[in-house]
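Reader: I'd like to talk through this model with you, one spot at a time. Could you show me what we're looking at?

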Amino acid sequence: MSAARAGWNGYLRSAARRGVTPVEVALDCVEFWRAATRRRPTRFAHPNTVRREWPLARLREFSPTVDGSVATLVLPPLSGHASTVIDLTADRSLIGTVHDAGLTGVHCLEWLPPTTRTSAAGIDDLVAVISGAIEELGGTVNLVAYSQGGWLATVYAAVHPARVNALTVAAAPIDFALGLPGTRNVPGGGPAAGLPGIATACRATGVLPTVATPVALRLAEWPEDWARLMDLWAHIRDPARVAAHVAFESWLDAPQDVPPDLYRWAALHLFLRNELVRGELEVGGGAVDLGAIACPLFLLAGTRDRIVTARQLWALADHVSTARNRITRRAVDTGHLGMITDPDVLRGHWLPILREVVDLSGA
């Protein structure tokens with residue numbers, strides 16, 4: 001109800017300033033419907049070039065690396081949607097925020113849909129792609145990761161700690177056993193999403209979760225989804241806000257498959273067995289030891305995140321060897337998707353943290 005009030009109050013203030021007539025209100029309703037249902041191909045908002053490509057991913061370069069500085073590699077989630085979520089519009093972009101902070105050598109991996117050739121890809125293949133990208137960028141990077149990309153970045157940092165200068169993780173499940181007690185699993189939720197209660201449900205039923213779908217994500221974040229619609233109504237005559245809404249909804253309604261073997265691996269070893277924090281996870285034939293991570297660590301968790309609880313992420317700090325004074329935690333008043341699509345969150349929380357990463361990077 002508060003979102004509805006905010007939406008209507010915002011619209012009424014705008015209408016009063018414009019001195020709209022009843023006919024214009026009707027036209028606004030029509031435009032609202034068009035904007036709410038409009039979709040376009042999802043794409044990266046900032047100019048970039050493809051620096052290298054593998055069957056599983058592309059390495060996209062958004063800015064060159066300055067001599068003597070550490071490049072930054074952003075890992076989007078491989079979670080049933082396109083990697084473009086990290087760069088939807090000019091002002092709703094993790095990529096743009098990384099650049100605004102002053103980091104150079106800004107790159108990201110774009111995960112590609114599985115093909116016949118890559119349908120059997122697993123965790124070792126993802127780690128190999130990340131290693132190839134980091135070698136391309138000089139051998140050491142700042143890793144910045146969100147959601148499923150967060151546990152993947154954590155696994156990589158544990159396996160190759162010398163290659164990670166600083167690790168920034170947002171809205172990512174690390175201890176998969178720390179879901180929301182008493183929360184029902186959302187149908188269609190997937191291993192990359194980390195839906196509350198999914199691990200408990202899997203253990204109780206023995207049924208593996210399916211890949212995250214737009215419907216499942218909407219069900220998990222329905223209050224934020226409703227708030228976004230109300231914000232669109234309040235700013236229906238603001239072209240930038242309308243374009244941002246269309247970009248977000250276009251991404252949300254464009255699912256992308258996950259390699260089936262990777263999905264099953266994540267469901268079994270992470271969600272069902274919680275092997276990452278138990279020290280039982282194996283990658284590349286060796287154990288994944290979170291204690292091997294000793295680099296500066298930056299963690300961001302949403303207080304209204306219905307997909308990943310803060311406790312699931314904060315647990316990482318209890319298992320690494322990083323000195324306590326080099327671990328930063330930020331509790332952010334936002335939901336799961338708002339963590340990287342809300343411009344206030346990007347400016348107010350990501351930007352200060354990324355400026356600290358700049359100080360560690362020689363940029």
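This is a predicted model: local features need pLDDT of at least 70, side-chain atom pairs count only at pLDDT 80 or more; totals for chains, interfaces and linings use all residues.

Reader: Where is Val85 found?

Author: Residues are numbered from 1 along each chain as its sequence is written, and side-chain values use heavy atoms, with hydrogens and water left out. Helices (H or I, at least four residues) and strands (E, at least two) are DSSP runs, numbered from the N terminus. With that in hand, Val85 sits in the loop between E3 and E4.

Reader: Is Val85 buried or exposed?

Author: Buried means under 20% relative accessible area, exposed over 50%, and partly exposed in between (1.4 Å probe, protein chains only). Val85 has 1% relative accessibility, so Val85 counts as buried.

Reader: Over to Thr97 in helix H3 (residues 94-100). Which backbone oxygen lies 2.8 Å from a polar atom of the Thr97 side chain?

Author: Thr97 counts as buried because its relative accessibility is 8%. Beyond residues up to four places away, Thr97 touches Leu346, Trp350, Leu351 and Leu354. The backbone oxygen at 2.8 Å from its side chain belongs to Ser93.

Reader: Which helix gives the most to the lining of the largest pocket?

Author: A pocket, on a 1 Å grid over the protein atoms alone, is an open set of points where a 1.4 Å probe fits, with protein on both sides within 12 Å along at least five of seven lines; lining residues have an atom within 4 Å of a point. The largest one is lined by 22 residues, with Arg92, Arg228, Asp231, Thr341 and Asp342 nearest its centre. Helices H8 (222-234), H9 (239-252), H13 (338-341) and H14 (343-359) each give two or more residues to that lining. The most, six residues, come from H8.

Reader: How many residues are in the largest nonpolar core?

Author: A nonpolar core is a set of buried Ala, Val, Leu, Ile, Met, Phe, Trp, Tyr and Cys residues joined through side-chain atoms within 4.5 Å. In the largest, Leu73, Leu109, Trp151 and Leu167 touch the most other members. A second, separate core of 36 residues includes Val74, Ile95, Trp251 and Val332. The largest core has 60 residues.

Reader: And Asp318: buried or exposed?

Author: Asp318 is in the loop between helix H12 (310-314) and strand E12 (327-332). Leu290 is 28 residues from Asp318 in sequence and 9.4 Å from it in space, C-alpha to C-alpha. At 58% relative accessibility, Asp318 counts as exposed.

Methods: A polar contact is a pair of N or O atoms within 3.5 Å; within protein, one must be able to donate a hydrogen and the other to accept it, and residues adjacent in sequence count only if both atoms are side-chain atoms. Contact means heavy atoms within 4.5 Å.
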